[in-house]
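Please open the structure in your viewer and keep the selection panel at hand.

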Amino acid sequence: MKSLLICLFLLISFVGYSQLDSPKIKDIKRLLIVSGAANAAKAGVESMANSMKAQSDQNNLPEGFWDEFIKAINYDELAAMYIPIYDKHYSHQEIIDMIKFYESPTGKKMVEKTPLIVAESMEAGREWGGKLGEKVYEKMTKKN
């Protein structure tokens, strides 16, 4: 029984290890780079940490916590969290097709422009929300 369990463990370990180096996994890693997803995740985590840092006087964290948090981020580990998600939702051929797209001139432009579009969209949304909030406030205060 003991040797059966050992064999089973070794088999599972080997299968798991071999999948880490499969062509699909290698292509997912490439996709994360060429699509800008890896850089977007990095920017998002750093933005969140810097935002929390600005509010750190409102919580009970030690001085310098967020600086140490940012230093402790392992971006390879962060990117590795995405691999099983992409693996689950896309076939290997779809991953290859996306890599081809992101390596094309249009795909490269998309990667370049997406952060600008997101920033401009967020600003437009803030302005829209502010105007809507003013309208609702005026409507509610006129009733009273």
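**First stop: Ser35**

A polar atom of the Ser35 side chain lies 3.3 Å from the backbone nitrogen of Ala37. Such a polar contact is a pair of N or O atoms within 3.5 Å; within protein, one must be able to donate a hydrogen and the other to accept it, and residues adjacent in sequence count only if both atoms are side-chain atoms. The model is predicted: local features need pLDDT of at least 70, side-chain atom pairs count only at pLDDT 80 or more, and totals for chains, interfaces and linings use all residues. Residues are numbered from 1 along each chain as its sequence is written, and side-chain values use heavy atoms, with hydrogens and water left out.

Keep Ser35 selected and display Leu31, whose backbone oxygen is reached by the Ser35 side chain at 2.7 Å. Ser35 itself sits in the loop between α2 and α3 (37-54). Helices (H or I, at least four residues) and strands (E, at least two) are DSSP runs, numbered from the N terminus. Is Ser35 buried or exposed? Ser35 counts as buried because its relative accessibility is 16%; buried means under 20% relative accessible area, exposed over 50%, and partly exposed in between (1.4 Å probe, protein chains only). Leaving aside residues up to four places away in sequence, Ser35 touches Tyr102 and Val111, where contact means heavy atoms within 4.5 Å.

**Second stop: the whole chain**

Of the 144 residues, 16% are buried. Among contacts between residues at least 6 apart in sequence, 69% join residues at least 24 apart.

Select Ile25, Ile28, Leu31, Leu32, Val34, Ala37, Ile83, Tyr86, Ile95, Ile99 and Tyr102, the 11 residues of the largest nonpolar core. A nonpolar core is a set of buried Ala, Val, Leu, Ile, Met, Phe, Trp, Tyr and Cys residues joined through side-chain atoms within 4.5 Å. At least two residues of this core come from each of α2 (23-34), α5 (75-89) and α6 (92-103). The most is given by α2, with five residues.

Show α2 and α5 together: their axes come within 10 Å and cross at roughly 120°. Axes are lines fitted to C-alpha atoms, for helices over the stretch in contact, and angles run from 0 to 180 degrees between N-to-C directions. On the α2 side, the contact is made by Lys24, Ile25, Ile28, Lys29, Leu31 and Leu32; on the α5 side, by Ala79, Tyr82, Ile83, Tyr86 and Asp87.

Select Lys24 in helix α2. Lys24 is buried, because its relative accessible area is 16%. Which residues does Lys24 touch, not counting residues up to four places away in sequence? They are Asp87, Tyr90, Ser91 and His92.

Finally, select Glu94 in helix α6. Its side chain reaches the backbone nitrogen of Ser91 at 2.7 Å. Glu94 is partly exposed, with a relative accessible area of 38%.
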